[in-house]
Amino acid sequence: MAETTTTSPGGAGGRSAFGAFAALTSALALFIAAISVVLVNSKDGGATKASSGSAQTVEVKLSEFAITPKVISVPAGAVKLSVTNGGAQIHNLEIPKLKKKTSDMAGGKTEVLDLGDVEEGTYEVLCNIPGHGDAGMTASLVVGGAAGASAGAASSSGGMMMAGMGTSGANPADQTIDFNATPAKDFQARDPKAPAPFSGTVHELTLETREAELEIAPGVKQTMWTFSLEGQAPTVPGPVLRGKLGDRFKVTLVNKGKVEHSVDFHASRVAWNDKMRSIKPGESLVYEFTADYAGIYMYHCGTAPALHHIGNGMYGAVIIDPPNLPPVDHEYVLVQSELYTGPAGQPGDLNKMKKDQWDAVVFNGYVNQYKAQPIRVEPQERVRVWALDAGPSENSSFHVVGTIFDTTWKEGTYLLQPDARRGGSQTLDLQPAQGGFVEFSFAEAGLYPIVTHKFSNVARGALGLFQAGEVKTAPAGGH
Ligand SMILES: [Cu+2]
């Protein structure tokens, strides 16, 4: 039954000739991970016995994202684990209580971990690559008797990292966001201005991935996974890349992080198993594409579990201007996404991502940042906002309170342009990975809230302000 976890997503038999099956399996593991954890739990709830003889050597397999068996049962005494990485990504095996850990092992490698004489008891086992424990790579080492009782305990919650969680995905150690807090004096909101298109027709860019401690809300710093252009500070979202139809993008992706990453440009038409493959820390790849179609496109890391990599900050926008895009007075980019906190110093909590339990919904990566620092325009000026819903899971009903869009463009086409029928639009609706732009002006001086009209999310960080002209009153808390 366990074999279905590797063959069923591949589908037809033609896949067997597919050279890059490892990459395929890796990227599909997002879909597989949940299934395989269930399988392992039910199948390996019983114990694997150590081989006979004085050397108690037990075979343990690492994969995306499981440690098999889930319960490693051995008699008391000298214990060795023969650990094989059967996956595509780098994994390790750690037993924190025993202070034992394998090296970070590439796929296909086997390493024997000598635990020495181990006392009776139950020990937590995990892969300590960031995110992999949360993704399912936990197990229990049960030494001596009482294997049956401990096996039940270990399989009930998928390991100790999830202990005490109940039906909520939250870990008690996850950081909390105070939506009434105000940013520090020196806080600088991300510049929402849309960059001009790159000059020329061939754009050679170096895009780096790394972990970075970023402030996501007043007083809350989270270990985010980021994209940044060479020489620039890491940000969430990643940089906005903008070009024109027909431009050639030559992007060198460099992994400066501690875990594997990849990039998937929705603006491109390229083979997924080649260009979108995951690269290990220190590696790089070249991803070339021609901008054949106009739009605002998402790019994101697709390394399994992609939900974790996107949910923890690895997304950004590529804008390819449609032909004859009219000039406007101001042009902005607002990327909506969810934030899922984790414990301080750790990435966001994958369990909350799996359950759609976001802590916040934000524009350009920070709770209520344009409420704290409104975007300043003048009445009657024409404004274009490029909007992208990066998700990973929540929709957007993009709305600016107090005005009407006379122009909307979504997913490759104008939905509305000014004409004699005088049609107006109140929201731009976007599902995850959809984008477009809206155009409007403000009739009079004042404050104009920026929201997603799914208002439960406005209370959780998805609130900004346009300030048109001089305004006497201070921005109110709500509106
Ligand atoms: Cu990634």
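These notes cover the copper site, some strand pairing and the salt bridges of a predicted model.

1. The copper ion has four ligands: His 261 (ND1), Cys 301 (SG), His 309 (ND1) and Met 314 (SD), at 2.0 to 2.6 Å. Along the chain these donors follow the spacing H-x39-C-x7-H-x4-M. His 261 sits in the loop between strand 13 and strand 14, and Met 314 in the loop between helix 5 and strand 17, so the pair ties together parts 53 residues apart in sequence. Both His 261 and Met 314 are buried.

2. The geometry of the site is irregular, because the 4 donor atoms subtend angles of 84 to 135° at the copper ion. A tetrahedral label would need all angles to lie between 85 and 135 degrees.

3. Strand 4 (residues 77-85) pairs with strand 1 (residues 56-63) in parallel, through 7 bridges. Here Val 60 stands opposite Val 83. Strand 4 also pairs with strand 7 (residues 110-118), this time antiparallel, over 8 bridges. In that pairing Ala 78 has Asp 117 as its partner.

4. The whole structure holds 22 salt bridges. One of them joins Arg 242 and Glu 331 at 2.9 Å, N to O. Arg 242 belongs to strand 12 and Glu 331 to strand 18, so this contact ties together parts 89 residues apart in sequence. Arg 242 is buried at 3% relative accessible area, and Glu 331 is buried at 16%. Both are part of a salt-bridge network whose members include Asp 321, Arg 382 and Asp 406.

5. Lys 101 and Asp 104 form another salt bridge, at 3.3 Å. Lys 101 is partly exposed at 36%, and Asp 104 is partly exposed at 48%.

Methods
Residues are numbered from 1 along each chain as its sequence is written. This is a predicted model: local features need pLDDT of at least 70, side-chain atom pairs count only at pLDDT 80 or more; totals for chains, interfaces and linings use all residues. Side-chain values use heavy atoms; hydrogens and water are left out. Two strands pair if DSSP finds at least two bridges between them. Helices (H or I, at least four residues) and strands (E, at least two) are DSSP runs, numbered from the N terminus. Donors are N, O and S atoms within 2.8 Å of the metal (3.2 Å for Na, K and Ca); water is not among the atoms, so sites may look incomplete. Four donors count as tetrahedral if all angles lie between 85 and 135 degrees; four count as square planar and six as octahedral if opposite donors are over 155 degrees apart and all others between 65 and 115; anything else is irregular. Buried means under 20% relative accessible area, exposed over 50%, partly exposed in between (1.4 Å probe, protein chains only). A salt bridge is a side-chain nitrogen of Lys or Arg within 4 Å of a carboxyl oxygen of Asp or Glu.
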